[in-house]
2 protein chains.
Amino acid sequence: MDLTIAEVAQRTGLTAHTLRYYERAGLLDPPERDWNGHRRYSERDVGMLGILTRLRATGMPIAGMRRYAELCRVGPETFDERRELLEQHRREVLQRIADLQSDLTLIEHKISVYGGAAAPVPDLASP
Amino acid sequence: MDLTIAEVAQRTGLTAHTLRYYERAGLLDPPERDWNGHRRYSERDVGMLGILTRLRATGMPIAGMRRYAELCRVGPETFDERRELLEQHRREVLQRIADLQSDLTLIEHKISVYGGAAAPVPDLASP
DNA sequence: CTCCCCCTTCGAGCGCGCTCGAAGTCAAAT
DNA sequence: ATTTGACTTCGAGCGCGCTCGAAGGGGGAG
């Protein structure tokens, strides 16, 4: 039930190069190897990549992902710390969304200055 | 009425180095100079920086900002094109916000697996 | 006068996150 | 036997957006 690097690449949207890089970077436990040295990724590895890619997609730096991965390696006694880390990240992402929305408001104002004729979506009133 | 580079840096949150870089990069018209060669930024320059920094903050690459700046340089006959550019960017930002929110949902699920805030949840499986 | 500070140009360097290429191994297909 | 193709390691390189430092000038205070 294990997967080759190509299959994992396919499933995660990462390249094989990037998967090896993540391993080197300490984000992912070195997976098992088959008899001739090729990586065999477990479902657990793929699950880890699932959360890692979400963290990445929401702007967490590699160093933060590494910290998370290290906590995972230690064991269940780090649950609290992991939750803490994720909640902190969650707060940052919410803040970034809020900032984006506020920047967008100004940009939309600018659009309306250029004669926002065919506005595709009904949105917030502009002052 | 005009401002020195330090004053503009202060007002925009950019550094003097970055302001010169923006100028080199074609994002900002070369401002006037005073009698001894120092830059004197007009209110119009500062206004331009206002929109540029919002575009930047919402992830527009330098090349896109340059295109916008070039349209501005041409004249009022590019209003439509500028609006087009900004509306396209607006769509992209909205998409990014949506993506962030959906990624966040997964992260929040993970947080809840770790025993979201109030209730310690016994879930031994996932990393 | 010196000292200090802010400005100038120019070009090099950095941090991040990949991204790629070279060179090699191995197994199966032709 | 040769070719194909997926994999391996290693280290270098890239694209972006700054960021910085060197070297110099000019003006005002003490």
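1. Let me start at the surface near DNA strand C, where α2(A) gives the most, with three residues. This is a predicted model, so please read each point below with that in mind. Helix α2 (16-24) of chain A is joined by α1 (5-12) and α2 (16-24) of chain B, and each of these supplies at least two residues of the surface near DNA strand C. In total, 16 residues surround DNA strand C. The closest are A:Pro61, A:Ile62, B:Thr4, B:Ala6 and B:Arg39, a list that draws on both chains A and B. By class, the surface near DNA strand C has six nonpolar, seven polar and three charged residues.

2. For the surface near DNA strand D, the largest share comes from α2(B), with three residues. Helices α1 (5-12) and α2 of chain A, together with α2 of chain B, each supply at least two residues of that surface. Its residues divide into six nonpolar, seven polar and three charged.

3. Now for the protein-protein contact. Chain A puts 31 residues into the contact, and chain B puts in 28 residues. On the side of chain A that touches chain B, α3 (43-57) and α5 (79-113) each supply at least two residues. Helix α5(A) gives the most to that side, with 19 residues. By class, the side of chain A that touches chain B holds 15 nonpolar, six polar and ten charged residues.

4. Is B:Tyr114 buried or exposed? B:Tyr114 counts as buried because 22 other C-beta atoms lie within 10 Å, where 20 or more are required. Leaving aside neighbours within four places in sequence, B:Tyr114 is in contact with A:Phe79, A:Arg82 and A:Arg83. Within its own chain, B:Tyr114 is 23 residues from B:Arg91 in sequence, and the two are 35 Å apart in space, C-alpha to C-alpha.

5. B:Ala69 is 17 residues away from B:Leu52 along the chain, and their C-alpha atoms are separated by 8.6 Å.

6. Back in chain A, A:Glu92 has its place in helix α5. Why is A:Glu92 partly exposed? The residue has 14 other C-beta atoms within 10 Å, and therefore falls between the limits of 12 or fewer for exposed and 20 or more for buried. A:Glu92 and A:Leu55 are 37 residues apart in sequence but 11 Å apart in space, C-alpha to C-alpha.

7. A helix pair in chain A is also worth checking. Helices α1(A) and α3(A) pack at an angle of about 35 degrees, with their axes 11 Å apart. Their crossing is right-handed. From α1(A), the contact uses A:Val8, A:Arg11 and A:Thr12, while α3(A) brings A:Val46, A:Leu49 and A:Thr53. The residues of this contact divide into three nonpolar, two polar and one charged.

8. Finally, the overall form of chain A. The chain has five helices and two strands, and along the sequence they follow the pattern α-α-β-β-α-α-α. Chain A has a radius of gyration of 21 Å, whereas a compact globule of 127 residues would have one near 14 Å. The C-alpha trace spans about 65 × 35 × 20 Å along its principal axes. Of the 127 residues of chain A, 20% count as buried. Among contacts in chain A with a separation of 6 or more, 44% are accounted for by residues 24 or more positions apart.

Conventions: Residues are numbered from 1 along each chain as its sequence is written. Chains are lettered from A and ligands numbered from 1 in the order in which they are written. This is a predicted model: local features need pLDDT of at least 70, side-chain atom pairs count only at pLDDT 80 or more; totals for chains, interfaces and linings use all residues. Two residues are in contact if their C-beta atoms, placed from the backbone, lie within 7 Å. Helices (H or I, at least four residues) and strands (E, at least two) are DSSP runs, numbered from the N terminus. Ala, Val, Leu, Ile, Met, Phe, Trp, Tyr, Cys and Pro count as nonpolar, Asp, Glu, Lys and Arg as charged, and the others, Gly among them, as polar. A residue is near a molecule or strand if its C-beta atom, placed from the backbone, lies within 6 Å of it. Axes are lines fitted to C-alpha atoms, for helices over the stretch in contact, and angles run from 0 to 180 degrees between N-to-C directions. A crossing is left-handed if the near helix is turned anticlockwise from the far one by less than a right angle, and right-handed if clockwise. The radius of gyration is taken over C-alpha atoms; the globule rule is 2.2 Å times the number of residues to the power 0.38.
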